[in-house]
Amino acid sequence: MQRNLAVRAANFPPEGGAGSAGPGAVLDRETRRVYLEALAALRHGGVEFLIGGAHALAPYTGIVRDTKDLDVFLRKEDCESALAVLGDAGFATERTFPHWLGKAYAGDRFIDLIFGAGNGVAMVDDLWFTHAAPGRVLGVPVRLCPPEEMIWSKAFIMERERYDGADVAHLILACGRVLDWRRLLGRFGRRWRVLLSHLVLFGFVYPGERTVIPDAVMAYLLRRLDREGVGAEAARVCDGTLLSRQQYLTDVTGRGYADGRLAPRGEMTAAEIAHWTAAIPPSPVPPPPDLPSGLSLIRRNGRPAPRARRRRR
């Protein structure tokens, strides 16, 4: 089986024509213009890039969804050049998070320039380009992020407001028979438990499609799990911060666990972690609901709130 069968749906017709598909099919005219200008500027500026996000997920999986931005993946050392090229083309630019993300704006529309992940994992390197797949976005020939690297980067996104596990499952379903599983295992490295968790969930989600995952892959990971047993590491570390920048903060700020993102165990510096943490959006607290007569709110400790005393006549 040839590798390119995994992306046989990537060559969509130009959006807006008969049989159009992909996120571009639902873009308004101005957004389409902005994205096309950005792609043209990057190409003419000699910046090597790949397309990811929803615009790459659709060709691989056939799943089309609206998207608020265009995800451009590139090497870290090329980010400044890309920002300069887009700045010369009239975009407002910023190095939003120096450890993984830049942005280019045209009004309220924007392009994400991605060279890693917010947790410091999945940095874009030469292998992303070596194994990229040909495709079309907005009718323009482009190269798409490889499905292995998309799985790798999406597997760690488990925030309360965003979980990419369904994307991982759909990529495995669509491309599993032609994935480079050896390279995928290498990408996860010592964080192989994250991959195993997604593979186990895949078998739950698609019980009739479990053969998409090679038996040798599952056997290898389960052997590793069995060899480790239930013994804990000597280090008191929380690697949950690699999955969610917010939900495990209490462990590293108040419970004495070391942050799994912090070098040398992780790939981030303390300053990068602080910057990434400071950008957590505030959680709005909704007002208490209007309760019917006779009902009372529940205290945070699980006990009923005290009822108001009746006034004696």
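The following is a dialogue about how the terms used for this predicted model apply to its residues.

Visitor: What rules apply to the numbering and to the values?

Guide: Residues are numbered from 1 along each chain as its sequence is written, and side-chain values use heavy atoms, leaving out hydrogens and water. The model is predicted, so local features need pLDDT of at least 70 and side-chain atom pairs count only at pLDDT 80 or more, while totals for chains, interfaces and linings use all residues.

Visitor: How many helices and strands does the protein chain have, and what makes a run count as one?

Guide: The protein chain comes to 11 helices and 9 strands. Both are DSSP runs numbered from the N terminus: a helix is H or I with at least four residues, a strand is E with at least two.

Visitor: Why is alanine 122 called buried?

Guide: Buried means under 20% relative accessible area, exposed means over 50%, and partly exposed lies in between, with a 1.4 Å probe and protein chains only. Alanine 122 has 3% relative accessibility, so alanine 122 counts as buried. Buried residues make up 43% of the 313 residues in the protein chain.

Visitor: Which other positions have a positive phi?

Guide: Leucine 138 is one of them, with phi near 55 degrees. Leucine 138 is in the loop between strand E6 (133-137) and strand E7 (140-144), and its relative accessible area of 9% makes it buried. Glycine 62, which follows H2, also has a positive phi, near 80 degrees.

Visitor: Where is the peptide bond that is cis?

Guide: The bond from alanine 263 to proline 264 is cis, with omega near 10 degrees. Proline 264 is found in the loop between strand E9 (258-259) and helix H11 (270-278).

Visitor: What makes helix H2 mostly covered?

Guide: In helix H2 (residues 54-61), 8 of its 8 residues are buried. Among them are His55, Leu57, Pro59 and Tyr60.

Visitor: How do you know that E2 pairs with E1 and E5?

Guide: Two strands pair if DSSP finds at least two bridges between them. Leucine 50 has phenylalanine 73 as its bridge partner in E2. E2 and strand E5 (residues 109-114) pair in the parallel sense over 4 bridges, and aspartate 71 is partnered by aspartate 112 in E5.

Visitor: What covers the description of E2's two faces?

Guide: In a regular strand the side chains alternate between the two faces of the sheet. For strand E2 (residues 70-73), Leu70 and Val72 on one side and Asp71 and Phe73 on the other are all buried.

Visitor: How are E3 and E4 joined?

Guide: Strand E3 (residues 92-97) is joined to E4 by 4 bridges, and the two run antiparallel. Glutamate 94 has lysine 103 as its bridge partner in E4. E3 and E4 form a hairpin with 3 residues between them.

Visitor: What does valine 124 contact?

Guide: Contact means heavy atoms within 4.5 Å. Leaving aside neighbours within four places in sequence, valine 124 is in contact with Phe73, Leu74, Arg75, Ile114, Phe115, Gly116 and Phe129. Its C-alpha atom is separated by 7.1 Å from that of lysine 76, 48 residues apart along the chain. Valine 124 lies in the loop between E5 and H4, and at 8% relative accessibility it counts as buried.

Visitor: Which residues have the most contacts inside the largest nonpolar core?

Guide: A nonpolar core is a set of buried Ala, Val, Leu, Ile, Met, Phe, Trp, Tyr and Cys residues joined through side-chain atoms within 4.5 Å. The largest has 74 residues, and those with the most contacts inside it are Ile51, Ile111, Phe156 and Ile172. Not counting residues up to four places away in sequence, phenylalanine 156 touches Asn119, Val121, Phe188, Arg191, Val194, Leu242 and Leu243.
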